[in-house]
Amino acid sequence: MLMPQDKGPIDQTGEWEALQRHWESLAGRHMRDMFATDPQRSERYSLSACGLELDYSKNLVDEKAMELLLDLAAAAGLPAWRERLFAGDRVNTTEQRAVLHMALRSLGDRAYRCDGEDVMDGIRSVLARMRAFSEKVRNGAWRGHTGEPITDIVSIGIGGSSLGPKMACEALRPYQRADLRVHFVSNVDEAHLASTLESLDPASTLFIVASKTFTTQETLTNARSARDWLVRRLGGEAAVASHFVAVSTNAEAVAAFGIDTEHMFEFWEWVGGRYSLWSSIGLPIALAVGFERFEELLAGANAMDEHFLSAPLEHNMPVILGLLGIWYRNFAGCDSLAIVPYHQHLEYLPAFLQQLDMESNGKQVTRDGVPVSYQTGPVIWGAPGTDAQHSFFQLLHQGTRAIPVDFILPLCPAYDLPGHHDKLVANCLAQAQALMRGRSADEVRDEMAAAGLPAERIEALVPHRTFPGNRPSNLLVFDRLTPQVLGALIALYEHKVFVQGVIWGVDSFDQWGVELGKQLAGQILRVFEGDGASQGTDASTAGLIRRYQEAACSRQA
């Protein structure tokens, strides 16, 4: 397939300039007035797909803004790039790799090819092995070294090998069994592993070591310590084979660790870490909720893939979300996006989306290596509501910079405690409304006068109790957080990030910015181990190395 034609820097196009002019014409308008003059606004700026409903009416946009944003997407070649992504072209240009995580969740007849080869047979083979293994563990057929069934699963990984499965397992907690618990260890800080192991029985604990190369420093350090813990308590190396499995592509290293390669679940170079929960990296999810539920997760994501691929851009949910992000990042000057799920079990979703977005689009050069002259990826952050309301919403309402918010809301509760869900929904809808409406000085005066405050006190308080509103938000709603809905929600944000990367002209699938820190950490570690010197290190770092080596707790390897 041909590359989309390069029209030069996106901010030098007529479409970009038209958007800049239109933002300047809209910046003085208030969304409150837009709603007052357009009774059908919420219907016109809403759409549904894959069990999700998006209300984007509380954004400072009009029909002209949306038309111009769609023109920008066309100028960036979005339709062609979308086709290239699904065709298996090497859209990860700096690493010369295809990006085919969509194939992992393709449960229908669509063919996916990488370098001309059909990848679906390999995917189906791994899925079948995941099904068989997860069923053995869940029905008690898989036994530990001493004959005990598995009660606890510890997944050891980091980054995409941990964040995605951890987020999904927590999101789907209502589908889990009380007698099969899943734990995640990612941080090389010994406190993470030690505190996880202290309450576990090694005889009934299964470890999953997730590392594509089986060389990741943090993961292998934690895995070796977990292995030592198990061997000491169960009396020998023979116990390892019954208590460790691997998700990796490095059979030799897996075998050297003591894991039977029959219990190694592979995945492929075209699976990026932050897109890997759909692969065998998702084995903890299948174990936690059952393989049938895992397939439902895949099906939800697949439905969103098909929507993204086939829906017209103006009715395409990932495209609309992506374009709104461009609008605020590049024309309104917004530096960040808050993700606020009104569902406690989605507490890890902001962190997951933080990696997905910031590792993908936190780039300062285009695919061609040319420095960009415009802002790219925003800061992604957030927390579950209603906790978030008592944490950072003050800044959202009255801070000096507008911060767009994505509210995520289930309409039906996960549990049956009377009165709770009504209050949750009421708070979510009220916060979105308050961000849009604000509170005028006259409204503040009337409210305080009705409460009987004296005029002098009212005027002193008016500046503090007034806030401008006109703060944008999206509201994503669904009936219940099922595996299928969760799959669609994750895939929605994956494709949104891709849309924005295409418009900015960056490679959304590499992450070279994390490499230097890894290399320098290796050099410093060699100093600690006595195999290197700190020459060439800056004075601050050299001083801190000495301070660590002099500390009473410092240990030589």
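Apart from its neighbours within four places in sequence, Ala 73 is in contact (heavy atoms within 4.5 Å) with Leu 78, Pro 79, Leu 313, Leu 323 and Ile 503. The model is predicted, so that local features need pLDDT of at least 70 and side-chain atom pairs count only at pLDDT 80 or more, while totals for chains, interfaces and linings use all residues. Residues are numbered from 1 along each chain as its sequence is written, and side-chain values use heavy atoms, with hydrogens and water left out.

Ala 73 belongs to helix α4; helices (H or I, at least four residues) and strands (E, at least two) are DSSP runs, numbered from the N terminus. With a relative accessibility of 0%, Ala 73 counts as buried, where buried means under 20% relative accessible area, exposed over 50% and partly exposed in between (1.4 Å probe, protein chains only). Ala 73 and Ile 503 are separated by 430 residues in sequence, but their C-alpha atoms are 6.3 Å apart in space.

Helix α4 (residues 63-75) also packs against α1: the two axes come within 9 Å and cross at roughly 160°. Axes are lines fitted to C-alpha atoms, for helices over the stretch in contact, and angles run from 0 to 180 degrees between N-to-C directions. Helix α1 is therefore roughly antiparallel to α4; angles over 145 degrees count as roughly antiparallel, under 35 as roughly parallel, 65 to 115 as roughly perpendicular and the rest as oblique. The crossing of α1 with α4 is left-handed, a term used if the near helix is turned anticlockwise from the far one by less than a right angle, and right-handed if clockwise. On the α1 side, the residues that meet α4 are Glu 15, Trp 16, Ala 18, Leu 19, His 22 and Leu 26. Their partners in α4 are Lys 64, Ala 65, Leu 68, Leu 69, Asp 71, Leu 72 and Ala 75. This contact has nine nonpolar, one polar and three charged residues; Ala, Val, Leu, Ile, Met, Phe, Trp, Tyr, Cys and Pro count as nonpolar, Asp, Glu, Lys and Arg as charged, and the others, Gly among them, as polar.

Ile 524, Val 527 and Phe 528 of α22 make the contact with Thr 541, Ile 545, Tyr 548 and Gln 549 of α23. Five of these residues are nonpolar, two are polar and none is charged.

Aromatic rings were examined next. Rings of Phe, Tyr and Trp (its six-membered ring) pair if their centres lie within 6.5 Å; planes under 30 degrees apart count as stacked, over 60 as edge-to-face and the rest as tilted. By this rule there are 22 aromatic pairs. In one of them, the ring centres of Trp 16 and Phe 331 are 4.8 Å apart with planes at 50°, so the pair is tilted. Trp 16 in helix α1 (residues 14-26) and Phe 331 in helix α15 (residues 317-331) are 315 residues apart, and the pair thus links distant parts of the chain. Both partners are buried, Trp 16 with a relative accessible area of 7% and Phe 331 with 5%. A stacked pair is formed by Trp 268 and Trp 270, at 5.2 Å centre to centre and 0° between the planes. Trp 268 is buried at 18% relative accessibility, as is Trp 270 at 8%. One aromatic cluster consists of Trp 16, Trp 23, Trp 327, Phe 331 and Tyr 374.

Helix α15 also contains Leu 321, which is buried with a relative accessible area of 3%. Beyond its neighbours within four places in sequence, Leu 321 is in contact with Leu 54, Asp 406, Asn 474, Leu 476, Leu 492, Lys 496 and Gln 500.

Finally, the peptide bond from Gly 385 to Thr 386 is cis, with omega near 10°.
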